[in-house]
Structure formats: structure tokens, C-alpha cells
Amino acid sequence: MRTFYKLSLSTLVAVYLLIMVGGVVRSSGSGMGCPDWPKCFGQWVPPTSADQLPENYKEEYAAHRQKKNEKFARYLSAFGMNETADKILTDPAVKEESEFNAVKTWIEYVNRLVGVTIGILIFSVFVYSWRYRKVKPALTITAFITLVLVIFQGWLGSIVVSTNLTPWVITVHMFPALLIVLTLVWLVHRASAHETVAIGATPSRFTNVLFVTGIIVLLIQILLGTQVREAIDRVAVELADRKEWISAVGLDFIIHRTFSWIVLILNVILTVKLWKMQRTNRFALIVIILILGTIFTGIGMAWFAVPPFLQPVHLTLATISLGVQFLLLLRVNEKIKLAQNPDGSTTV
């Protein structure tokens, strides 16, 4: 299991790296650095200057994206989302093509390279888990779910490009990434469960409710953050002065800011309870430190006119907090199982 553990952990770290790189792509405005997918300007290695592109490249790639959007619109209509489908097809902003920018193109290209690497890693995790399909089927099933999620995430990434960074599509694109983090955390935990040592008292049902509530609230907080970013994308088109962005966002930002206090208070209460039970104290403090880091970077964005470098840090800290909090929940409850088995054996 040690090899499987290392492979799963490496994949999880790579996913966090991709989330950070994705934040850099978003904050630098490089999302449309490559107007097609999976290639970049029709090439596996993107161009370095506009001279390497045909004169009508804007029209060519706009037509290519329109065809993909027509297919996407049919999917939306099949689910009864006719108004959204019509907007995808008729919104002039979706059809607008960006000027070639070598720096933005290569930022987006690096993002795709990291994404492909993660796809290979997750496929490797599934292949390696196959050897445990009979004795530990949950590992194989979860690894397969993770593989399906990453394939779906790749397809969603192509839709983000074809719809010209339509804000709600970017928000939907974030959700599978969070699910991938959680499934990989579960795999990392199960692969290392045999090394866990039982300590302290058994947590109460209330403590576990606190855990689950904290994870749900943090997940909501991350998704609320994507809503704030959507609002910023909208006001940024109208307001050149970055100092006015936060005030222009209004209620979305206020809700997101208020939720940060709820996340912090829940985790402080949980940490105190774990401390009294002498359960994974350092681990619980790590969660608090990560959440405080997320809050302080959020304050930094609000006070200092949304500096681009803080956005990927803010997002990455939030997603790491989610993963560590979920791992802490798994570890605490794994210790319960070990406490019930004096020989230290567990059923995975």
C-alpha cells in the first residue's frame, strides 16, 4: 500500500498545483490565451508571435467555438435550460475573439500541460488500484470515480474556452475539482490507514456533526467565492479603477465575507473539542492556520484593490483547507475503528 499511498498523495499535490495555476490563469486574464481545445491555435506547441497565425485567425476560431457551443446548447436544452442555451448562442460577448498575446497563450498552455499530467496521474492511480479490486474494492471504485470526474472536468474545460469564459460555466468547472480533491484525500487516507495509531477519547456524535457541518460550510464558502469572482469579472468590464470593484460587487461580497466568520467559528469550536479529547491537536491547528490564511488573503484582496497575485493564493488555501479538514474527519473516525481492534487491524 505504500506505493499506492505515495502515488495518490503525489496526485493530490498535483491537483492543488493545478488549482493554483488555474487561479493564475484567471487573475492574469489568460483564460482565452488558447481559443481552441485541446490544441492551442491548432498546434500542440503554441505560437510565440501573431506572425505564425493566419490573417483571419479570429474568424476561424470564433467559428470553431460557435460549432462547439451549438452542441453544448443542445445539451442544455435537453435538460430544460432553454433560456441559458439561447444566451450561449446569441450573447455577443461569447462570440468575441481576443487579440493574440504570447504571454497569456503560454500561461494557458502551461495550465493545460499541468492538467494533462494530472489526467495521467489519476489514470495511473486507477490502474494501480485494480490490484486491490477484490480485497479492497472501495479503493478501485473511488479511483474509477476520480478518473470519471477528471474526464468530465477536461470536457468542462473545453466548454469554458468555447463559451469565452462565461462566468457561470467557470463556477461549474470549479465544483468537479473540489470533488476530485475529496476523492483523492479519501484514497490517501485509506492507503495510509494501517499506519494510524489510536489515541485519545472517542469523538461524540456532536463532534462528527461539527466536522460535517464545517466541511459543508467551507464548500459553500468556496463556491460563494467563485460567485464573487463572477461579479468582479462583470464590474471589471465597466470600471477601470480596481479600487471600485469590491464596492461595486455589493451583496455577493458581503455574504462571502460573513460566511468566512461562520467557517472560522465552527473550526475553532471543533479544535477546542479535539484538544480536550487529546485528538490530533496539531492537525486541527493546521486547519485553523489555513482558514486564517484564507481569510487574511481575502482581506488583502478587499483592502488592496484585488491584487492579481493574491487570488490564486486565496483559492489554493481554501481548497487545501477543505482537503485537510476532510482528512482530519477521516483520521479521527479511523482512530475509533482502531480503538475497537486492539490488534490494530482495520477493514478497508
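Visitor: Leaving aside its neighbours within four places in sequence, which residues is Thr11 in contact with?
Guide: In this predicted model, Thr11 is found in helix H1, which covers residues 2–27. Once the neighbours within four places in sequence are left aside, the residues in contact with Thr11 are Leu121, Ile122, Val125 and Leu184.

Visitor: Is Thr11 buried or exposed?
Guide: A residue counts as buried when its relative accessible area is under 20%. The relative accessible area of Thr11 is 0%, and therefore Thr11 is buried.

Visitor: How many Å apart in space are Thr11 and Gly119, C-alpha to C-alpha?
Guide: Thr11 belongs to helix H1, and Gly119 is 108 residues away from Thr11 in sequence. In space, taken from C-alpha to C-alpha, Thr11 and Gly119 are separated by 9.2 Å.

Visitor: Are helix H2 and helix H3 roughly parallel or roughly antiparallel?
Guide: The axes of helix H2 (residues 57–78) and helix H3 (residues 82–90) come within 8 Å of each other and cross at roughly 175 degrees. Because angles over 145 degrees count as roughly antiparallel, the arrangement of H2 relative to H3 is roughly antiparallel.

Visitor: By class, how many charged residues does the contact of H2 with H3 have?
Guide: From H2 the contact is made by Gln66, Asn69, Glu70, Ala73, Leu76 and Ser77, and from H3 by Asn82, Thr84, Ala85, Ile88 and Leu89. Sorted by class, these comprise five nonpolar residues, five polar residues and, as for charged residues, one.

Visitor: Where do the buried residues of H2 lie when the helix is seen down its axis?
Guide: The buried residues of H2 are Tyr57, Tyr61, Arg65, Gln66, Asn69, Phe72, Ala73 and Leu76, and what covers them includes H3, helix H4 (92–95), helix H6 (137–162) and helix H7 (167–192). On the other side of H2, Glu59, Lys67, Arg74 and Ala78 are exposed. Seen down the axis, the buried residues fall within an arc of 145 degrees, so they line one face of the helix.

Visitor: What is the distance between the end C-alpha atoms of helix H10?
Guide: Helix H10 (residues 251–276) has 26 residues, and at 1.5 Å a residue they should span 38 Å. The distance between its end C-alpha atoms agrees with that expectation, at 38 Å.

Visitor: Which residue is joined to Pro38 by a cis peptide bond?
Guide: Most peptide bonds are trans. Pro38, found in the loop between H1 and H2, takes part in a cis peptide bond with an omega of about 5 degrees, and the residue joined to Pro38 is Trp37.

Visitor: What is the phi of Asn164?
Guide: Most residues other than glycine have a negative phi. Asn164, placed in the loop between H6 and H7, counts as buried at 17% relative accessibility. Although Asn164 is not a glycine, its phi is positive, at about 60 degrees.

Visitor: In which loop is Val306 found?
Guide: Val306 is not a glycine, yet it has a positive phi of about 50 degrees. With a relative accessibility of 3%, Val306 counts as buried. Its place is the loop between helix H11 (281–303) and helix H12 (310–339).

Note on methods: Residues are numbered from 1 along each chain as its sequence is written. This is a predicted model: local features need pLDDT of at least 70, side-chain atom pairs count only at pLDDT 80 or more; totals for chains, interfaces and linings use all residues. Side-chain values use heavy atoms; hydrogens and water are left out. Axes are lines fitted to C-alpha atoms, for helices over the stretch in contact, and angles run from 0 to 180 degrees between N-to-C directions. Helices (H or I, at least four residues) and strands (E, at least two) are DSSP runs, numbered from the N terminus. Angles under 35 degrees count as roughly parallel, over 145 as roughly antiparallel, 65 to 115 as roughly perpendicular and the rest as oblique. Contact means heavy atoms within 4.5 Å. Ala, Val, Leu, Ile, Met, Phe, Trp, Tyr, Cys and Pro count as nonpolar, Asp, Glu, Lys and Arg as charged, and the others, Gly among them, as polar. Buried means under 20% relative accessible area, exposed over 50%, partly exposed in between (1.4 Å probe, protein chains only). The arc is that of the directions from the helix axis to the C-beta atoms. The expected span of a helix is 1.5 Å times one less than its number of residues.
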